[in-house]
Amino acid sequence: MLDVLPPAPLTLRHHLEPLIEHHGLWRVLKAAFAARRNLRREAKLARSFAHLSPHLRRDVGLPPEAPPGRDYALWLR
């Protein structure tokens, strides 16, 4: 009787190889670095709006801050 083995999990390499073959190594690397830079920029931008009052957040089009969770009250004791 033959044992059926589960397929090997796909790794990052399996996903990147077709991209590199189609676009080239340098373009894939440049896109990866640009995506990482954009993530940092977005996080920095989000931190810069943290100090705004709810009125200014609404005027700019940002969602209101979420109220603190119930665990927050435990820290205030």
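Trainee: Why does Arg-13 count as exposed?

Mentor: This is a predicted model, and in it Arg-13 has a relative accessibility of 60%. Exposed means over 50%, so Arg-13 counts as exposed.

Trainee: Why is Glu-17 called partly exposed?

Mentor: The relative accessible area of Glu-17 is 36%. Buried means under 20% and exposed means over 50%, with partly exposed in between; Glu-17 is therefore partly exposed.

Trainee: What makes the contact of Glu-17 with Arg-13 a salt bridge?

Mentor: The closest N and O atoms of Glu-17 and Arg-13 are 2.9 Å apart. The cut-off is within 4 Å, for a side-chain nitrogen of Lys or Arg and a carboxyl oxygen of Asp or Glu, so the pair forms a salt bridge. One salt bridge is found in a search of the whole structure.

Trainee: Where do Glu-17 and Arg-13 lie?

Mentor: Both are in helix α1, four residues apart, which is about one turn of the helix.

Trainee: Why does Phe-33 count as exposed?

Mentor: Phe-33, in helix α2, has 58% relative accessibility. The cut-off is over 50%, so Phe-33 counts as exposed.

Trainee: What makes the nonpolar surface patch?

Mentor: Ile-20, Leu-25, Trp-26, Leu-29 and Phe-33 make this patch of about 540 Å². Helix α2, residues 25–48, gives the most to the patch, with four residues.

Trainee: Which residues gather in the patch of positive charge on the surface?

Mentor: Arg-37, Arg-41, Lys-44 and Arg-47 gather there. Lys and Arg count as positive, so the patch is called positive. Arg-41 is in helix α2.

Trainee: How many helices and strands does the protein chain have?

Mentor: The chain has four helices and zero strands, in the pattern α-α-α-α along the sequence. Of its 77 residues, 4% are buried. The chain exposes about 8000 Å², with carbon and sulfur atoms supplying 65% of that area.

Trainee: Where is confidence lowest and where is it highest?

Mentor: Confidence is lowest in helix α4 (residues 70–76), with a mean pLDDT of 59, and highest in helix α1 (residues 12–23), at 91. The chain averages a pLDDT of 78, and 78% of the residues score at least 70. Where pLDDT is low, predicted coordinates should not be read in detail.

Technical notes: Residues are numbered from 1 along each chain as its sequence is written. This is a predicted model: local features need pLDDT of at least 70, side-chain atom pairs count only at pLDDT 80 or more; totals for chains, interfaces and linings use all residues. Side-chain values use heavy atoms; hydrogens and water are left out. Patches are made of residues with over 30% relative accessible area and no salt bridge: like charges are joined within 9 Å, nonpolar side chains (Val, Leu, Ile, Met, Phe, Trp, Tyr) within 5 Å. Accessible areas come from the Shrake-Rupley method with a 1.4 Å probe; for residues, only the protein chains shown count as cover. Helices (H or I, at least four residues) and strands (E, at least two) are DSSP runs, numbered from the N terminus. Buried means under 20% relative accessible area, exposed over 50%, partly exposed in between (1.4 Å probe, protein chains only). pLDDT is the predictor's confidence in each residue, from 0 to 100. The place of a charge is taken as NZ of Lys, CZ of Arg, CG of Asp or CD of Glu.
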